[in-house]
Amino acid sequence: MSLFRDDGIVLRTQKLGEADRIITLLTRRNGRVRAVARGVRRTKSKFGARFEPFSHVDVQFFARGGELIGRGLPLCTQGETIAPYGGAIVTDYERYTAGTAMLETAERFTDHEGEPAVQQYLLLVGALRTLAAGEHQPRLVLDAFLLRSLAVNGYAPSFGDCAKCGMAGPNRFFSVGAGGVVCGDCRVPGSVVPSRESLELLGALLGGDWQTADACEPRHCREGSGLVAAYLQWHLERGLRSLRFVDK
């Protein structure tokens, strides 16, 4: 029997029995972890509000054996709030839908429990912090998070040089299967021709140029979001359920 301590973001919760919950977290050192939080659904529970989606928490786990991820689920025995991002996110529909898509993306990119995913964890913490602060449009924050999540998982799209032959940009055509923009010689069936401004926006979001991103026109933001969603769906092999509610 061992104790483990880590900090993480609560991705989702599931009811268990009459008073318990299964909590899914993306942690700093142990990647995605599922654990049982006993009694958190009782009205007198001290920890119930701390284990809600979007919460950044410091958690102590109790596990049988010498490893956190074993045959059975570990127990959450303590929890301290680091940052209650959910308070500012759940009261605004645009922030909530964008944040929900972020949580689902983070879970999809961390398939195996117990495998460290530090970059994905740091991306999620930073994105939720920015979203809760209201510094930028929620959809822009979401698209930036999606693009950077793709990048840290080895699927970085190209928005300038040709993704196939490396021809210096700007290039006109965009193909999700080819990995981003392609030149005329490398153009493949199904390629689209987005506006130059939309490609510049996506490059700015991927590179963290918020001055350029914030100045983009809404029509280019919508077009760019469509490209991001298609690119993400291609690499995840199926779409995100939560994306359908964004911008509705």
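Select Phe145 to begin: at 2% relative accessibility, this residue counts as buried (buried means under 20% relative accessible area, exposed over 50%, partly exposed in between, with a 1.4 Å probe and protein chains only). The model is a predicted one, in which local features need pLDDT of at least 70 and side-chain atom pairs count only at pLDDT 80 or more, while totals for chains, interfaces and linings use all residues. Residues are numbered from 1 along each chain as its sequence is written, and side-chain values use heavy atoms, with hydrogens and water left out.

Phe145 is found in helix H4; helices (H or I, at least four residues) and strands (E, at least two) are DSSP runs, numbered from the N terminus. Display the contacts of Phe145 next, where contact means heavy atoms within 4.5 Å. Leaving aside neighbours within four places in sequence, Phe145 is in contact with Met102, Thr105, Ala106, Gln120, Leu123, Leu124 and Ala127.

**Helix H2**

Move to H2, which has 16 residues. From its first C-alpha to its last it reaches 23 Å, close to the 22 Å expected at 1.5 Å a residue; the expected span is 1.5 Å times one less than the number of residues. Its buried residues are Thr97, Ala98, Gly99, Ala101, Met102, Leu103, Glu104, Thr105, Ala106, Glu107 and Arg108. Show what covers them, and the elements include E1, strand E2 (20–27), E3, H3, H4 and H7.

**The nonpolar cores**

Select Met102, Leu124, Leu128 and Leu205 together: of the 48 residues in the largest nonpolar core, these touch the most other members. Such a core is a set of buried Ala, Val, Leu, Ile, Met, Phe, Trp, Tyr and Cys residues joined through side-chain atoms within 4.5 Å. E1, H2, H3, H4, H5, H6 and H7 each supply at least two residues of this core. Centre on Leu128, which touches Ile9, Phe54, Tyr85, Ile89, Met102 and Leu103, not counting residues up to four places away in sequence. A second, separate core has 14 residues, among them Val10, Ile23, Ala35 and Val57.

Phe54 lies in the loop between strand E3 (31–37) and strand E4 (55–63). Its phi is near 85°, a positive value in a residue other than glycine. At 2% relative accessibility, Phe54 counts as buried. Then go to Pro170, in the loop between H4 and E6, where the peptide bond from Gly169 to Pro170 is cis, with omega near 5°.

**Helix H5**

Select residues 196–207, the 12 residues of H5: at 1.5 Å a residue they should span 16 Å, and the end C-alpha atoms are 16 Å apart, which agrees. Ser198, Leu199, Leu201, Leu202, Ala204 and Leu205 are buried in this helix. An α-helix has 3.6 residues a turn, so residues three or four places apart point the same way. The cover of the buried residues of H5 includes helix H4 (138–152), strand E6 (173–175), strand E7 (180–182), helix H6 (210–214) and helix H7 (218–236). Just after H5, Gly208 takes a positive phi of about 80°.

**Ser225 in helix H7**

Ser225 lies in helix H7 and is buried, with a relative accessible area of 7%. Not counting residues up to four places away in sequence, Ser225 touches Arg139 and Asp143. The C-alpha atoms of Ser225 and Leu140 are separated by 8.3 Å, although 85 residues apart along the chain.

**The largest pocket**

Finish with the largest pocket, whose volume is about 410 Å³. A pocket here is an open set of points on a 1 Å grid over the protein atoms alone, where a 1.4 Å probe fits, with protein on both sides within 12 Å along at least five of seven lines; lining residues have an atom within 4 Å of a point. Grid points are joined across faces, edges and corners, and the volume is the space filled by probe spheres set on the points. Of the 17 lining residues, Leu11, Arg12, Glu104, Glu107 and Arg241 are the closest to the centre. Strand E1 (2–16) and helix H2 (93–108) are the elements that give two or more residues to this lining, and H2 gives the most, with 6 residues.
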